Amino acid sequence: VMTGPGLVFPDDLDAWCRWSDSRNRVRFGLAAVKRLVGHQPSVTPAKLYLPVERPTALVVLDQVSVSCRYATFDPLEHLDPDRTAVLSAHSEAREAATGAVRVMEWNEGGWLPPSIEQVLTLGTFNHLARQVKPWATRHNARFCVIQHGLLTPWAPPLSPGDHLFAWSEADAEYQCAGRSDVTSEVIGSQMLWKASRLPKVEVLDETPVMLGQLHGAELGRAAKQRIYTEFCTSTGAIYRPHPNEADVISRVQHRTMTRAGVVIEVSGKSLVEEGRPVVSIFSTGTLEAACRGLPSWVHHPDPPAWIEDFWSRYNLSRWGDEPTAPIDSSGDEPASIIAKALSGQGRDAG
């Protein structure tokens with residue numbers, strides 16, 4: 001396996017948060033103005049959903065994006081609803097907390113059932129998880145962090161005492177490198193496990209589609225725009241913007257790319273409906289497409305060391321080589337493995 005630089009912030013969450021805030025300064029600034037003008041509250045109050053019995057597990061639903069739903073919502077389907085509490089500021093949590101018989105507003109430092117032994121989160125880089133962490137430490141509850149996406153050097157670090165549910169041994173080593181204060185176990189990817197069990201897709205159109213990642217902080221926007229423009233104009237590939245490319249800067253870049261001859265995807269259809277070969281620089285969509293049977297590759301004309309390490313860790317094939325092989329998803333469903341771990345089985349793993 002090719003080596004890369006590892007995490008930029010291997011154990012300093014505060015430094016990671018400062019970096020993340022600086023990258024999102026414009027977006028956060030606009031949001032603050034909107035709140036000021038519209039008199040919107042800055043943070044929606046969280047709610048604690050309590051079951052009929054004393055809960056032994058707490059699931060923190062900090063985010064509701066698709067990848068985060070696979071990670072934290074899906075295990076709820078396998079946990080005993082009568083012994084599971086849910087904490088979230090999102091309305092979707094009410095339906096997910098199927099065993100809830102009581103709902104109470106929860107603020108930082110608020111009461112949590114002392115019977116809780118396990119906490120499942122996306123990590124303390126999220127608002128609620130970070131508030132729950134001190135309570136978990138004081139009450140000797142295992143604080144579990146589930147990997148919900150592919151890991152780059154800018155992934156947020158674990159906090160001391162965390163237990164990581166990783167997609168692979170390589171990811172566990174990458175996230176925990178040099179740390180003696182965290183533990184891990186490999187459970188696989190719920191997202192890719194589900195994708196591998198859906199019907200395989202036939203290629204309906206040989207025109208490749210390039211998955212956009214202009215919004216990502218890992219590479220500069222101008223550099224990515226050049227790569228996308230060169231690839232699409234030289235191969236005839238269609239550019240598919242990421243859903244997060246709706247901001248002003250991205251739209252300006254799209255117009256510039258269009259003038260250079262790039263065709264922008266506007267159909268709104270899913271990758272599966274399009275049935276085209278898939279290319280990206282380092283998108284999770286490459287692996288998802290491979291799991292569905294679509295030919296998938298990655299491309300960068302002069303990849304930095306961390307991208308080569310990333311490609312190697314996930315066995316992603318370069319454009320021009322044999323397509324990326326789907327990951328092995330022959331094992332048990334990761335969400336059910338997590339549920340068993342949160343139910344007290346495998347407590348000492350790591």
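Visitor: What makes β1 largely enclosed by the rest of the structure?

Guide: Of the 6 residues of β1, 5 are buried, so the rest of the structure largely encloses this strand. Buried means under 20% relative accessible area, exposed means over 50%, and partly exposed lies in between (1.4 Å probe, protein chains only). Strands (E, at least two residues) and helices (H or I, at least four) are DSSP runs numbered from the N terminus.

Visitor: What are the ground rules here?

Guide: This is a predicted model, in which local features need pLDDT of at least 70 and side-chain atom pairs count only at pLDDT 80 or more, while totals for chains, interfaces and linings use all residues. Residues are numbered from 1 along each chain as its sequence is written, and side-chain values use heavy atoms, leaving out hydrogens and water.

Visitor: How do you know that β1 pairs with β4?

Guide: Two strands pair if DSSP finds at least two bridges between them. β1 and β4 (residues 100-106) share 6 bridges and run antiparallel. Lys47 stands opposite Glu105 in β4.

Visitor: How many bridges join β1 and β3, and in which sense do they pair?

Guide: There are 3 bridges, and the sense is antiparallel. Tyr49 has Val86 in β3 as its bridge partner.

Visitor: Now the charges. Why is the contact of Asp14 and Arg130 called a salt bridge?

Guide: The term needs a side-chain nitrogen of Lys or Arg within 4 Å of a carboxyl oxygen of Asp or Glu. For Asp14 and Arg130 the closest N and O atoms are 2.4 Å apart, so the pair qualifies. Asp14 sits in helix α1 (residues 13-23) and Arg130 in helix α5 (residues 127-138), so the bridge ties together parts 116 residues apart in sequence. Asp14 has 42% relative accessibility and counts as partly exposed. Arg130, at 34%, counts as partly exposed too.

Visitor: How do you know that Arg83 and Glu53 form a salt bridge?

Guide: Their N to O distance is 3.9 Å, which is within 4 Å, so the label holds. This pair links distant parts of the chain, 30 residues apart: Arg83 is in the loop between α3 (66-73) and β3 (84-88), and Glu53 is in the loop between β1 (46-51) and β2 (57-61). Arg83 is partly exposed at 29% relative accessibility, and Glu53 is partly exposed at 41%.

Visitor: What separates Arg313 and Asp309 along helix α12?

Guide: About one helical turn, because they are 4 residues apart in α12 (residues 305-313). Arg313 and Asp309 are both buried.

Visitor: What else does Arg313 do?

Guide: Arg313 lies over the face of Tyr174, 3.7 Å from the ring centre. A charge sits over a ring if NZ of Lys or CZ of Arg is within 6 Å of the ring centre and within 35 degrees of the ring normal. The charged end of Arg69 sits over the ring of Phe73, 4.7 Å from its centre.

Visitor: How many salt bridges are found in the whole structure?

Guide: The search finds 14. Asp205, Glu265, Glu274 and Arg276 are linked in a network of salt bridges.

Visitor: How many aromatic pairs does the structure hold?

Guide: It holds 11. One of them, Trp16 with Phe125, is edge-to-face, with centres 5.6 Å apart and 70° between the planes. Rings of Phe, Tyr and Trp (its six-membered ring) pair if their centres lie within 6.5 Å; planes under 30 degrees apart are stacked, over 60 edge-to-face, the rest tilted. Trp16 is buried at 10% relative accessibility. Phe125 is partly exposed at 22%.

Visitor: Why is the pair of Phe231 and Trp319 called edge-to-face?

Guide: The planes of Phe231 and Trp319 stand at 80° and the centres are 5.2 Å apart, so the pair is edge-to-face. It links distant parts of the chain, 88 residues apart: Phe231 is in helix α8 (residues 221-235), Trp319 in the loop between α12 and α13 (334-342). Phe231 is buried, at 1% relative accessible area, whereas Trp319 is partly exposed at 33%.

Visitor: Which residues form one aromatic cluster?

Guide: Trp154, Phe282, Trp306, Phe310 and Tyr314.

Visitor: Finally, how many helices and strands are in the chain?

Guide: There are 13 helices and 13 strands. The radius of gyration is 21 Å, close to the 20 Å of the globule rule for 350 residues, so the chain is as compact as a globular protein of that length. That radius is taken over C-alpha atoms, and the rule is 2.2 Å times the number of residues to the power 0.38.
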